[in-house]
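Trainee: I'd like to learn how to read a model like this one. Could you walk me through it?

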Amino acid sequence: MDAPAPAGRLTPAPSAAPAATVAFRHLTALWVQITGTLCNLQCVHCINASGPREPWLAPLDADTARRYIAEAAALGVKEVYFTGGEPFLHAEILPLLAFSLERAPTTVLTNGTLIDDAMAGALAALAAGARYSLEIRVSLDDPDAARNDAIRGPGAHRRALAAIRRLDAHGLLPILTATDVGTAADDRYGRLRDLLLASGVRKPRVKMLPVFPVGRMAGRGGGVVTPEMMESVEPSRLQCSESRAVATGGVYVCPILSGFPEARMDGATLADTLVPNRLDHPACLVCWQTGSSCRNA
Amino acid sequence: MSTLTEPRALRRVAVFGGVYSNAHALAATLEDVRRRDVDAAFCLGDLGGFGPHPDRVFPVLKAAGVRVIQGNYDQAIALGHADCGCGYTDPRDNHYAQISYAYTLARTSSEHRRWMGALPAHRRLRLGEAEALLCHGSPRAIAEFLWESTTPDGLAARLCDDARAQVILCTHSGIKWHRRLPDGRHLVNVGVIGRPENDGTPRVWYTLLTAEPGLELDVEFVPVHYDHETLAKEMEAEALPPEFAETVRTGWWTTCLEVLPGRERARGRF
């Protein structure tokens, strides 16, 4: 396993080509990196090099999280996402989810390892009493346990699948979220769907994400998006035109680059950061190529 | 984006979305509307897709004087896009969506494609004292889904502010709902008449809005029963996917489920 990356250890843009600028449209998604880079797993492709040792990015103070969620709601945000690290390592995760759900639909991205039956029951109760939808996204990359655990660590497949079954049994419909580490031809989507069906999940939900050249994958591809490249792309396809991420240190341009100093936006409030940004990070090319969004749908 | 404004205030209107080539449900809806003493009927777009014989709905809409805006499906068919623009990522959903789209594109006359291409994106009207904006997905994006469980009050208020409207009427998602905001403004997803709303019955829904002086805006969802068995048989005769006919007969959605939020998905069979 690679050691967690210290802050600022990112691959610079590979060329001096001028980067395109994307206008900000409206705030659709607020991402809350609640546990910083603290995680009980240490996946080889992790976008922010999270892990169990001393995190390079500290967990977010709960009051700061609440302040930004309240501001986002007032600005008309559509969805709030909790991420990390592993969000269920945060001592206040349940009250924070309750606070968020009073204001907006809320999603948690988790590896599932800490969702025991009591936690699944607590989440189901929270969802049942909430005005808006609560979604739980459980990460699992490969339907084959050995191949999955080579990426995510020993036992990760079994524990993630157990969490999915527990959540499903409690009436929540978890979304299996996979990083697409394979090839386009391997029908990973279909095989993950089949895994869920074979596991007794009657309403299988799968979300695919591409690999980004950042965190433990820094230096592996990517590049600047130039103004010429943007001529063929609808700018609204890029999630930086409608998302911001809050983490220790401030507000960041998007969930992929959350916590990295070079992606931090200037401003004292969330509203201050809803301004155009430059597509000058190697990871920007992946969004441009795939049109992928980290949102649920 | 083009917007048409109604010249005079209206008291009662019927509004529906998502015809989806379902000429039988369209006829039954308009027959019901005729008994309701409305000033006008509006359709919020998505005339084709899913059902058979797409050209059949246009003369019915025109003869009844329905005032139509453009949906993402209409825009895509008019411009000959590669797909419907719903943005599915599940290969299975894309498979079914593509069958439906290719079928509709190939069977929609050039005259009807031109007509859809000229439809306005929005309409504005006065419902009594209230300013209403009619759109397809949302006022800000033709293909944005506004589901009840994922549309916070703060977003609804923001959309009303930006549209300078006290009432927003939309469709696109396929399931009706109504939110009265604490400040008295309204967001109404009027539902669709072309496909049942994943509730286990074959009926479809349209919306009646009534603005009486001095009274709160009245929003009534009206169920419509139609000859769904004939529609299902026509779909089978046209070799459209059997999963589509199953939805028409049972009322449960069988495809394109990935866009549903958890709460709405939990209510369905699949």
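Trainee: Which residue follows α8(B), and what is its phi?

Mentor: Some ground rules come before that. This is a predicted model, where local features need pLDDT of at least 70, side-chain atom pairs count only at pLDDT 80 or more, and totals for chains, interfaces and linings use all residues. Residues are numbered from 1 along each chain as its sequence is written, while chains are lettered from A and ligands numbered from 1 in the order in which they are written. Now, α8(B) is followed by B:G251, with a positive phi near 85°. Helices here are DSSP runs of H or I with at least four residues, strands are E runs of at least two, and both are numbered from the N terminus.

Trainee: Which residues of helix α8 of chain B are buried?

Mentor: Buried means 20 or more other C-beta atoms within 10 Å of a residue's own; exposed means 12 or fewer, partly exposed is in between, and the C-beta atoms are placed from the backbone. In α8 (residues 242–250), the buried ones are B:F244, B:A245, B:T247 and B:V248. They sit on the same side of α8(B) because they cover an arc of only 155° around the axis, taking the directions from the helix axis to the C-beta atoms. Part of their cover is α7 (228–237) of chain B.

Trainee: Where is the cis peptide bond?

Mentor: From A:G84 to A:G85, with omega near 10°. A:G85 is in the loop between β3 (79–83) and α2 (93–101) of chain A.

Trainee: How many residues of each chain take part in the contact?

Mentor: Two residues are in contact if their C-beta atoms, placed from the backbone, lie within 7 Å. Chain B gives 19 residues and chain A gives 22 residues. On chain B's side, α6 (153–163) and α9 (262–267) each supply at least two residues.

Trainee: What is the average pLDDT of chain A?

Mentor: pLDDT is the predictor's confidence in each residue, from 0 to 100. Chain A averages 93, and 94% of its residues score at least 70. Over residues 1–13 of chain A, though, the pLDDT is below 50. Where pLDDT is low, the predicted coordinates should not be read in detail.
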